[in-house]
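The following questions and answers examine side-chain interactions in a protein model. Please consult the sequence and the coordinates while reading.

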Amino acid sequence: MQKIRWGVLGAAKIAREKVIPAMQGKKEYEVIGIASRSLEKAKAAADSLGIPKHYGSYEELINDPEIDAIYNPLPNDLHISYTLKCIEAGKHVLCEKPLALEAEDVQLLIRARDKAGVKVGEAFMVASNPQWKKAREIIASGELGTLRAVQGFFSYYNRQKDNIRNIPENGGGGVWDIGCYPVFTSRFALGEEPQRLAALLDFDPEFGTDRVGSVILQYPSVQMTFSISTQLVPYQRMMFYGEKKALEVRIPFNAPIDQPNELHIHHGDIVGHHVEVVKLPVSDQYTEQAEEFSRAILQDTEVPVSLESTYQNTRILEAIFQAAKEERWINLG
Ligand SMILES: NC(=O)c1ccc[n+]([C@@H]2O[C@H](COP(=O)([O-])OP(=O)(O)OC[C@H]3O[C@@H](n4cnc5c(N)ncnc54)[C@H](OP(=O)(O)O)[C@@H]3O)[C@@H](O)[C@H]2O)c1
């Protein structure tokens, strides 16, 4: 069987610490190259991760005929331009979230993808995580009773001046960095698209990036609220409330790779705390993502998160900024 040969654009923290290690020692795919703006940095990353090839520019990697697929973990503002360059060079691309900062840019990629006949997708690893597939299955089974409300929370504390999350020109701020997750996972788990939204955002006076945000989304079947922050105690949770039971995704986004993920089903006994625990086998969501994406290339099937889904997600994130600025509901229909 053909093995997919991956290249990585930039020695990004997420690539070095999570995604590349999760892709090593596999039968169907391997990471054979890493590029950096600095040749030294590329060599250091390649040496420490046991990657055979390194390049002192992104273009060299993009144009290397030995590379089949490219993982793009560049800062958010470079996702569209570099993904486009990769597609035009005939490469498949898995690009980090948020893939776009403007929904219309995704249409550009859709046209380029269709012309080049390659696979392109957004790296929402949660879509490949068995705990989210199980959550979606439980919701669809009707076990929770009629679902009427969803709540989400995602926060961390980061005030580093030079971090891309705190630089507006890099597409920084909480909505783009983490607001994308409650939006994506609710769409994924419900299998619906929201119809309208309202939002409040608080901006860091020094950085100019959004540091706290709260959003109300009206889905056809449920009301959803979620809050995010880049300057609060690290916390994350997603809750789906039905008439009979509630489903809790306990570590929805940074799921551990060395212990089983747990979904908790609450039976409504508040004092007795009757909770049913659904334990998922230990897995690494970044391995699952690479496996699903590589398989989509090898078998010519759908990628885990399509550009069509990215287009919807980006429209919603853009609407959050508009709703907060104009202090009104924004229709998404
Ligand atoms: N899916 C997930 O779980 C997850 C988790 C964390 C982050 N992410 C996403 O992954 C991407 C990277 O995040 P990160 O935290 O890994 O960032 P990071 O460590 O700052 O890495 C970004 C890389 O981009 C390259 N780069 C090119 N132009 C740059 C510029 N003007 N400023 C800074 N870096 C530049 C740099 O590589 P060279 O210097 O080597 O060229 C740098 O190492 C973001 O889109 C983020 O949203 C996803």
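Q: Leaving aside neighbours within four places in sequence, which residues is R113 in contact with?
A: This is a predicted model. R113 is found in helix α5, which spans residues 103–116. Once its neighbours within four places in sequence are set aside, the residues in contact with R113 are I87, V118, V120, L307 and E308.

Q: Is R113 buried or exposed?
A: The relative accessibility of R113 is 12%. Buried means under 20% relative accessible area. R113 therefore counts as buried.

Q: What distance separates the C-alpha atoms of R113 and K91?
A: R113 and K91 are 22 residues apart along the chain. Their C-alpha atoms are separated by 9.6 Å.

Q: How is the aromatic pair of F124 and Y181 classed, stacked or edge-to-face?
A: A search of the whole structure finds 11 aromatic pairs. In the pair formed by F124 and Y181, the centres lie 5.5 Å apart and the angle between the planes is 80°. Planes over 60 degrees apart count as edge-to-face, so the pair of F124 and Y181 is edge-to-face.

Q: How many residues apart are F124 and Y181, which this pair links?
A: F124 belongs to the loop between β6 (120–122) and α6 (130–141), while Y181 is part of helix α7 (residues 174–190). F124 is buried at a relative accessible area of 1%, and Y181 is buried at 7%. The pair links distant parts of the chain, 57 residues apart.

Q: Which residues do ring pairs link into a cluster?
A: F124 and Y181 form an aromatic pair, and both residues also belong to a cluster linked by ring pairs. The members of this cluster are F124, F154, Y181, F184, F188 and F253.

Q: Over the face of which residue does R196 lie?
A: R196 is placed 4.0 Å from a ring centre. The ring in question is that of W329.

Q: Which residue forms a salt bridge with E66?
A: The structure holds 25 salt bridges. In one of them, the side chain of D64 meets that of K53, with an N to O distance of 2.6 Å. D64 lies in the loop between α3 (58–62) and β4 (69–72) and K53 in strand β3 (residues 53–55), so this bridge ties together parts that are 11 residues apart in sequence. E66 forms a salt bridge, with the closest N and O atoms 3.0 Å apart, to K53.

Q: What is the relative accessible area of E66?
A: D64 is buried, with a relative accessible area of 8%, whereas K53 is partly exposed at 25%. E66 is also partly exposed; its relative accessible area is 39%.

Q: How many residues apart in sequence are the parts tied together by D177 and K97?
A: The side chains of D177 and K97 meet in a salt bridge of 3.1 Å, N to O. D177 lies in helix α7 and K97 in the loop between β5 (92–95) and α5, so the pair ties together parts whose separation in sequence is 80 residues.

Q: Which residues are linked with R159 in a network of salt bridges?
A: The network of salt bridges includes R159. The residues linked with R159 are K161, D204 and E206.

Q: What accessible area do L232, V233 and Y235 have together?
A: L232 lies in strand β11 (residues 231–242) and is partly exposed, with a relative accessible area of 36%. With V233 and Y235, L232 forms a nonpolar patch on the surface. Together, the accessible area of these residues is about 290 Å².

Conventions: Residues are numbered from 1 along each chain as its sequence is written. This is a predicted model: local features need pLDDT of at least 70, side-chain atom pairs count only at pLDDT 80 or more; totals for chains, interfaces and linings use all residues. Side-chain values use heavy atoms; hydrogens and water are left out. Patches are made of residues with over 30% relative accessible area and no salt bridge: like charges are joined within 9 Å, nonpolar side chains (Val, Leu, Ile, Met, Phe, Trp, Tyr) within 5 Å. Accessible areas come from the Shrake-Rupley method with a 1.4 Å probe; for residues, only the protein chains shown count as cover. A salt bridge is a side-chain nitrogen of Lys or Arg within 4 Å of a carboxyl oxygen of Asp or Glu. Helices (H or I, at least four residues) and strands (E, at least two) are DSSP runs, numbered from the N terminus. Buried means under 20% relative accessible area, exposed over 50%, partly exposed in between (1.4 Å probe, protein chains only). Rings of Phe, Tyr and Trp (its six-membered ring) pair if their centres lie within 6.5 Å; planes under 30 degrees apart count as stacked, over 60 as edge-to-face and the rest as tilted. A charge sits over a ring if NZ of Lys or CZ of Arg is within 6 Å of the ring centre and within 35 degrees of the ring normal. Contact means heavy atoms within 4.5 Å.
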